[in-house]
Amino acid sequence: MKVIVASFQYEACGMSSTFPGTGDFECAEGRDVYRKLDVEDVFRENGIETVPVFYANALPGGICPLAIYESFAEKILSGVREHADADGILLVCHGSSEIEKIGSGELDLVSKIRSVVGDRPLISVAFDLHANIHPRLIPMVDIVCGYKTAPHTDQRETHRAAAKILADALCGGHRPVVRMVKVPMLPAGDTMLTAEEPLRSLIAKTRAAEQNGIFRVNLFFSHMWVDAPNTCASVTVTAADARLADAAATDFANRFWQARKQFRFRVETGSVSECVRAALARTGGRVFLTDSGDNTTAGAEGDRTDILQELLRVGAGRKKICVSGITSPEIVEGTRGLRAGEEIEVPLPAGAVKGKIVRRGKILGWAKDVIGESVTVDVGGIDVIFTEKRSAFIAKENFELAGEDLETYEIVAVKQGYLFSELAPYCDKQYFVMSDGSSCVDIRRLGLKRIPRPLWPLDDFEWQAKI
Ligand SMILES: [Zn+2]
């Protein structure tokens with residue numbers, strides 16, 4: 001037996017003005033795919049041959065240009081055409097990849113794969129927890145697995161689960177059934193942490209349910225920054241038969257819906273000035289300020305300087321502060337060849353200020369490859385890391401590669417909403433900054449027009465799941 005392994009992962013933020021180019025994707029072909037997707041042994045142990053075709057993954061950004069998506073889809077499709085006799089396909093996607101002119105990239109990709117291979121091969125898809133799954137995709141796939149953690153820590157486990165259920169189905173000669181219930185809610189993703197209630201118990205129940213013919217139960221939290229008819233939460237169940245899948249999907253959709261009013265921010269929130277003031281007033285420990293409106297991990301541009309400007313305005317120089325990952329190819333390019341200590345002009349909306357070069361470094365990409373350069377500039381006593389490309393400082397190693405030791409700072413600003421789990425050990429206090437930008441967390445300010453209605457929290461209504 002033979003399985004094709006492929007991946008196209010992209011999360012689109014419809015409010016963002018930054019559109020990905022080919023170079024923004026970290027790609028792998030052939031056996032290099034297994035550097036990124038650790039699934040080969042799952043198949044090998046079951047005597048299944050694999051064909052690793054192509055992998056592409058990028059930091060979330062604006063709507064994906066059609067030509068960029070098509071170039072990657074074609075790489076996957078040419079592998080599928082070459083191995084159209086495959087018995088199965090493992091496809092790792094995000095689930096919220098909105099593509100220019102065509103909408104859901106996952107729907108388009110799975111449709112095209114089916115048009116090549118027909119109905120016979122099993123298709124197993126792995127999705128991010130923030131997938132806005134298109135209902136028309138479900139009848140075309142046989143297995144759906146999603147992450148169960150936010151912040152995400154179970155990517156590898158999920159990819160391997162999608163591989164294992166596929167391998168078991170192929171070896172056992174059975175065809176699983178997938179059912180999905182779209183749950184009419186679009187909660188702010190940053191209020192939905194799986195280590196906190198009510199989600200901790202709900203996710204534990206999904207794990208407990210995975211037995212006796214139920215292979216996988218997933219709650220998908222959705223991604224609020226895509227204005228599309230499929231933008232809302234959902235529940236999927238992959239099971240041995242339709243009766244089991246229907247019953248579990250309905251049950252979990254009702255539980256998920258009933259929990260909605262308990263989703264709330266678990267950390268202190270405030271305006272830019274409130275959070276900056278609170279961070280400066282705090283003594284002892286390390287404070288993180290998460291710039292949620294300009295959250296690059298949700299697709300925002302990462303070029304806003306609201307927090308930096310507020311720190312400069314109140315004269316924050318007495319604390320050791322790092323403002324990380326401001327996108328500025330101009331500053332990185334303009335300082336090339338300059339030495340540490342040399343003075344430069346840093347343009348800010350309120351007017352240029354003087355800065356001094358501290359050091360140059362590198363940027364770690366979303367899929368852990370080195371993707372460009374950074375420069376740290378001392379601006380009014382604050383270390384500001386400017387990056388050549390959009391970036392996400394989600395772990396200590398991101399700072400290390402930029403030449404900075406995270407542990408030497410008392411206040412660290414990052415372009416995130418919820419704090420990524422790799423940073424949690426270094427954080428004594430987080431302030432969730434309700435800043436402006438493309439990833440604003442207030443759904444009412446997004447002006448969404450194509451989303452399904454009624455939709456909680458925009459509408460207050462009763463709802464019951466049915467299939
Ligand atoms: Zn996600």
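The structure is a predicted model, in which local features need pLDDT of at least 70 and side-chain atom pairs count only at pLDDT 80 or more, whereas totals for chains, interfaces and linings use all residues. Residues are numbered from 1 along each chain as its sequence is written. Helices (H or I, at least four residues) and strands (E, at least two) are DSSP runs numbered from the N terminus, and two strands are said to pair if DSSP finds at least two bridges between them.

An unreviewed UniProt entry lists residues 2–279 as "domain: Microcystin LR degradation protein MlrC N-terminal"; UniProt positions follow the numbering used here, feature names are shortened, and annotations may be inferred rather than shown by experiment. This span is 33% helix and 24% strand, and its end C-alpha atoms lie 55 Å apart.

Helix α3 (residues 66–82) and helix α4 (residues 105–117) have axes that come within 10 Å and cross at roughly 25°. The two helices, α3 and α4, are therefore roughly parallel to each other, where angles under 35 degrees count as roughly parallel, over 145 as roughly antiparallel, 65 to 115 as roughly perpendicular and the rest as oblique. The crossing of α3 with α4 is right-handed, a crossing being right-handed if the near helix is turned clockwise from the far one by less than a right angle, and left-handed if anticlockwise. Residues are in contact if their C-beta atoms, placed from the backbone, lie within 7 Å; in α3, Tyr 69, Ala 73, Ile 76, Leu 77, Val 80 and Arg 81 meet Gly 105, Leu 109, Lys 112, Ile 113, Val 116 and Val 117 of α4. The residues of this contact divide into 9 nonpolar, 1 polar and 2 charged, with Ala, Val, Leu, Ile, Met, Phe, Trp, Tyr, Cys and Pro counted as nonpolar, Asp, Glu, Lys and Arg as charged, and the others, Gly among them, as polar.

Helix α8 (residues 272–281) packs with helix α9 (residues 306–313) at an angle of about 55°, their axes being 10 Å apart, and α8 and α9 are therefore oblique to each other. Val 272, Ser 273 and Val 276 of α8 make the contact with Asp 306, Ile 307, Glu 310 and Leu 311 of α9.

Residues 289–450 are annotated in UniProt, again in an unreviewed entry, as "domain: Microcystin LR degradation protein MlrC C-terminal", and over these residues the chain is 12% helix and 31% strand. Strand β15 (residues 343–346) pairs with strand β16 (residues 353–364) in the antiparallel sense over 4 bridges, and Glu 345 stands opposite Lys 354 in β16. These strands, β15 and β16, form a hairpin with 6 residues between them, in whose turn Gly 351 has a positive phi of about 125°.

How values were computed: Axes fitted to C-alpha atoms, helices over the stretch in contact; angles between N-to-C directions. Contact = placed C-beta atoms within 7 Å.
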